[in-house]
Amino acid sequence: MAATKGAGNSTVTFNGTAITNYVNSADLTNAVAELESTHLGSTAETADGGLVSSSLQLSGDWVSTLDALFGPDSLASAKRTTVITFTSGGTTITYTWTASGDVGGFVTNYQPKATATGKIEWSATLRLSGLGVRS
């Protein structure tokens, strides 16, 4: 089976703004908490699934357009609608956190980075609050 390249097969939208063209790397993490359930009668360690925790790590080349979106939110913790898609073989999987109440994505770590001999880059972590929808 052929590998699917990331370029052209993934999109990222934050607060209604398509930021795909400013993103070089997008890593979605969905983790289920592990709840220890081993008891004195157990013959091996046991665990149950707990609550889901999700985050989206992004990075790319810094531009003022992206900074205008993430800069203010990195100081405000406002929840925003966040959508990421992955496409392979004509099938697109979409993960959506629609801003409403406790649900939505917010900037937890925005870092513009500059070096004397390199380009200006940025990275950010979006904490995805609540349960997203996979479709």
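Modeller: A nonpolar core is a set of buried Ala, Val, Leu, Ile, Met, Phe, Trp, Tyr and Cys residues joined through side-chain atoms within 4.5 Å. Buried means under 20% relative accessible area, with a 1.4 Å probe and protein chains only. This is a predicted model, in which local features need pLDDT of at least 70 and side-chain atom pairs count only at pLDDT 80 or more, while totals for chains, interfaces and linings use all residues. Residues are numbered from 1 along each chain as its sequence is written, and side-chain values use heavy atoms, leaving out hydrogens and water.

Colleague: Which residues have the most contacts inside the largest nonpolar core?

Modeller: They are Ile19, Leu58, Phe70, Trp122 and Leu126, in a core of 18 residues. Strand E8 (121-129) is one of the elements that give two or more residues to this core, and E8 gives the most, four. Strands are DSSP runs of E, at least two residues, numbered from the N terminus.

Colleague: What makes Leu58 and Phe70 a contact?

Modeller: Contact means heavy atoms within 4.5 Å. Leu58 touches Phe70, and also Trp122 and Leu126, among others.

Colleague: Why are E2 and E9 said to stand at the edges?

Modeller: Two strands pair if DSSP finds at least two bridges between them. The open sheet has the order E2-E1-E5-E6-E9, with antiparallel pairing. Strand E2 (17-18) and strand E9 (133-134) each have a single partner strand, so one side of each is left without a neighbour in the sheet.

Colleague: How do you know that E1 and E5 pair?

Modeller: Five bridges join E1 to strand E5 (residues 82-88), and the definition asks for at least two. Therefore they count as a pair. Ser10, for example, has Phe86 in E5 as its bridge partner.

Note on methods: Buried < 20%, exposed > 50% of the residue type's maximum accessible area, 1.4 Å probe, protein only. Lists of a residue's contacts leave out its neighbours within four places in sequence.
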